[in-house]
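Please keep the sequence and the model in view while reading.

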Amino acid sequence: MSKVKLAICGDSYMTTDQTGIHWIDHLPPDLHKKILAVGACSNVLIANQVRYAVALGYDHVVVNLIETRRIQ
């Protein structure tokens, strides 16, 4: 049985903080997790992260978009 694959997409709010702790570390260990999020990126780049996650065959994708009033 293959592991369920989860991708995390977004900007800096979805990346690991300075302590190295990330909320996905609290998810089950049998879950294959990948953080694709990058700090200071736009919604266009976040959309590309999602496309990449789908192309890699991730089963689930968590997306956090930036504020809509932010100029891109």
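A nonpolar core is a set of buried Ala, Val, Leu, Ile, Met, Phe, Trp, Tyr and Cys residues joined through side-chain atoms within 4.5 Å. Here buried means under 20% relative accessible area, exposed means over 50%, and partly exposed lies in between, with a 1.4 Å probe and protein chains only. The model is predicted: local features need pLDDT of at least 70, side-chain atom pairs count only at pLDDT 80 or more, and totals for chains, interfaces and linings use all residues. Residues are numbered from 1 along each chain as its sequence is written, and side-chain values use heavy atoms, with hydrogens and water left out.

The largest nonpolar core comprises eight residues, namely Ala7, Cys9, Leu36, Cys41, Ile46, Ala53, Tyr58 and Ile66. Both β1 and α1 supply at least two residues each to this core. Another core, of six residues, lies apart from it and includes Leu6, Met14, Ile24 and Leu31. In soluble globular proteins, nonpolar side chains tend to be buried together. Over the chain of 72 residues, 28% are buried.

The chain contains one helix and three strands, where helices (H or I, at least four residues) and strands (E, at least two) are DSSP runs numbered from the N terminus. Read from the N terminus, the elements follow the order β-β-α-β. The C-alpha atoms fill a box of roughly 45 × 30 × 15 Å along the principal axes. Of the contacts (heavy atoms within 4.5 Å) between residues at least 6 apart in sequence, 68% join residues at least 24 apart.

Helix α1 covers residues 43-55, which is 13 residues. Its first and last C-alpha atoms are 18 Å apart, close to the 18 Å expected at 1.5 Å a residue; the expected span is 1.5 Å times one less than the number of residues. Which residues of α1 are buried? They are Asn43, Ile46, Gln49 and Ala53. Seen down the axis of α1, these buried residues fall within an arc of 105 degrees, so they line one face of the helix; the arc is that of the directions from the helix axis to the C-beta atoms. An α-helix has 3.6 residues a turn, so residues three or four places apart point the same way. Val44, Arg51 and Ala55 are exposed on the other side of α1. The cover over the buried residues of α1 includes β1 (5-10) and β3 (60-64).

Ala40 is in the loop between β2 (32-35) and α1, and has a positive phi of about 60 degrees although it is not a glycine. Most residues other than glycine have a negative phi, and most peptide bonds are trans. Ala40 counts as exposed because its relative accessibility is 67%. Its C-alpha is 9.4 Å from that of Ile66, 26 residues away in sequence.

Gly57 is in the loop between α1 and β3. Just after α1, Gly57 takes a positive phi of about 85 degrees, and its 38% relative accessibility is why it counts as partly exposed. Gly57 and Lys5 are 52 residues apart along the chain, with their C-alpha atoms separated by 7.9 Å.
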